[in-house]
Amino acid sequence: MNQSETPVLDALLAYHEHAYTPFTPPGHKQGRGIDAHTMAVLGPAVFASDVLAVSGLDDRMSRGAVLDRAQQLMAEAVHAEHTFFSTCGSSLSVKSAMLAVAGPHEKLVISRDAHKSVVSGLILSGVRPIWVDPTWDPDLHLAHPPQPDAYAEAFTAHPDARGALVTSPTPYGTCADIAAIAQVCHRYSRPLIVDEAWGAHLPFHPALPTWAMDAGADVCVTSAHKMGGGLEQSSVFHHQGNLVDPDVLRARADLLGTTSPSALIYAALDGWRAHMAASGHALLDAALARAHHVRDAVEKVDGLRVNRAEFIAPGRAYDLDPLQVIIDISALGTTGYAITDWLRERHRINLHVADHRRISAQLTYADDDATTARLLDALRDVADQFGSTASKDTGIRIPDPQEMRLEQAQLPRDAFFARTRQLPAHETVGQVCAEMLTPYPPGIPAVLPGERLTAPIIEYLTSGVGAGMVVPDAVDPELGTIRVVDEEPND
Ligand SMILES: Cc1ncc(COP(=O)(O)O)c(C=O)c1O
């Protein structure tokens with residue numbers, strides 16, 4: 001195929017050139033109904049290109065095959081057999097993938113460091129999770145993706161599991177040995193889904209961690225808006241092989257998706273794919289060099305330490321995306337939350353993941369010398385400010401790795417839809433949780449529905465919230481109270 005083609009962008013141009021007059025949604029009618037203030041802030045182009053996909057971008061029967069061709073071009077560019085665009089984020093795509101592999105009460109082997117959207121998928125579907133432990137780093141208090149052996153053990157114990165799911169890269173950029181995990185799954189003729197939300201850029205440069213399609217995964221899900229140039233909410237999932245039926249995958253996505261996809265999102269995806277096909281290698285070359293320079297410069301700042309070697313040491317992660325610059329700030333005696341807030345307020349800089357001892361700066365192909373210089377100036381200022389006022393106890397009580405893993409007493413779906421009570425947090429020890437408690441970002445639930453609460457995990461979350469951790473999905477985000485199952489079933 002000719003990767004310089006851009007079917008969606010071309011269809012949008014043609015739509016403008018032919019001056020179509022819509023008697024369809026969207027009701028703003030290409031901006032005619034938009035007030036001056038909204039138009040001044042958002043700009044006319046946003047509304048002009050916000051058109052219906054069917055009877056807008058393409059005709060009533062999609063005879064122009066606009067979207068099909070754009071998806072085929074993307075599939076070819078990233079070495080997949082089929083590609084599906086979604087305008088509902090990877091939060092939806094990952095559920096579509098899960099539902100294409102397992103149905104209600106069937107088993108799916110999943111790493112316990114899964115994103116909350118995977119847990120939502122379990123709640124909605126009633127799929128039974130067979131949890132695989134991540135690789136814990138007890139010194140740095142961080143979970144990396146599980147080892148392939150952990151998947152092998154899960155399949156030995158549960159040969160009836162319908163497939164497996166692994167998150168790689170994690171929001172910290174650490175990666176699983178996808179090829180080895182895929183081999184484990186394929187020994188049982190079961191498919192591997194990779195939640196590669198953070199990996200949209202991986203197919204476009206060989207020095208980046210292995211791309212799931214190249215490593216033999218059956219389905220992978222990417223958020224093109226995270227590390228790529230897609231608009232927010234754009235997600236793309238890819239498929240290959242015969243362990244998952246692409247028609248089933250399409251039907252599951254159709255079940256969950258919107259009937260009003262955004263042509264803006266499709267168009268930006270189409271343009272980004274053509275851009276990457278033409279220049280991705282060179283752009284990512286430059287980004288990798290820039291990331292290298294940033295890491296070296298941060299290392300020279302007293303009190304800051306860039307995590308790299310310790311993340312990919314033996315028995316830790318298999319690989320690391322160098323564009324995620326993860327900085328340990330524990331020597332400054334404060335939390336990543338405090339530093340992130342301070343950088344936004346003082347330097348107008350927004351960081352990505354912040355936790356009790358780390359901050360992270362996500363670099364992409366779109367950064368340049370000016371953005372990274374601002375980042376480095378701000379980080380030097382952080383070290384000056386916090387280095388001098390350091391108080392050593394952040395107040396957060398971090399459990400041991402084994403204390404982080406809770407007993408799954410009920411299916412996530414059963415606990416979520418059970419009769420519930422809202423109890424003071426300190427009275428919930430031993431109770432079955434009925435909600436997700438997810439420090440955000442990165443969005444990995446510390447507790448999920450059906451897990452039995454323990455004193456260390458409650459202490460971790462409540463002390464964390466006291467120190468600036470955000471747990472937005474809890475009914476009571478202050479965690480003064482927690483929602484638990486009212487009655488446990490007898491079986
Ligand atoms: C690992 C992982 N999977 C899935 C998602 C959901 O992606 P989206 O924000 O595109 O819905 C995220 C979001 O942060 C994530 O970190």
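Analyst: Happy to; here is a tour of that meeting place, followed by some other features of the chain. Please keep in mind that this is a predicted model.

Let's begin with the layout. The protein is divided into domain 1 (61-266), domain 2 (280-388) and domain 3 (401-485). Between the C-alpha centres of domain 1 and domain 2 there are 27 Å. Each of these two domains brings 30 residues to the contact. Together they bury about 2,400 Å², and carbon and sulfur atoms account for 60% of that area. On the domain 1 side, the residues that lose the most area to domain 2 are Leu140, Tyr172 and Met227, which together make up 26% of what that side buries.

One salt bridge crosses between domain 1 and domain 2. In general, side chains of opposite charge can pair when their charged atoms come close. Arg316 and Asp137 form a salt bridge, with 3.2 Å between their closest N and O atoms. Polar contacts are found too, in twelve residue pairs across the interface of domain 1 and domain 2. As for secondary structure on the domain 1 side, strand 4 (135-137), strand 5 (142-144) and strand 7 (174-175) each provide at least two of the residues that touch domain 2. Strand 4 gives the largest share, with three residues.

Ser168 and Pro169 are joined by a cis peptide bond, with omega at about -5°. Pro169 sits in the loop between strand 6 (164-167) and strand 7, and strand 7 is one of the strands that supply residues to the side touching domain 2.

Next comes helix 10, which covers residues 263-299. At its start, a side-chain oxygen of Ser262 comes to within 3.2 Å of the backbone nitrogen of Leu264. Further along, helix 10 bends by about 75° at Ser279.

Most residues other than glycine have a negative phi, and most peptide bonds are trans. Against that background, Pro441 and Pro442 are linked by a cis peptide bond with omega of about 15°, and Pro442 lies in the loop between strand 15 (420-424) and helix 15 (455-466). Ser55 has a positive phi, near 65°, and belongs to the loop between helix 3 (44-48) and helix 4 (66-77).

Finally, back to charges: the whole structure has 20 salt bridges. One of them joins Asp473 and Lys116, at 2.9 Å from N to O. Asp473 is in the loop between helix 15 and strand 16 (481-485) while Lys116 is in helix 6 (residues 116-125), so this pair ties together parts 357 residues apart in sequence.

Key. Residues numbered from 1 in each chain as written. Predicted model: local features only at pLDDT ≥ 70, side-chain atom pairs only at ≥ 80, totals over all residues. Heavy atoms only, no water. Helix = DSSP H or I, 4+ residues; strand = E, 2+ residues; numbered from the N terminus. Expected span 1.5 Å × (residues − 1). Bend = angle between axes of the 7 residues up to and from the residue. Polar contact = N/O pair within 3.5 Å; in protein donor to acceptor, adjacent residues only side chain to side chain. Domains from an automatic or database assignment. Contact = heavy atoms within 4.5 Å. Buried area = accessible area lost by both parts, 1.4 Å probe. Salt bridge = Lys/Arg side-chain N within 4 Å of Asp/Glu carboxyl O.
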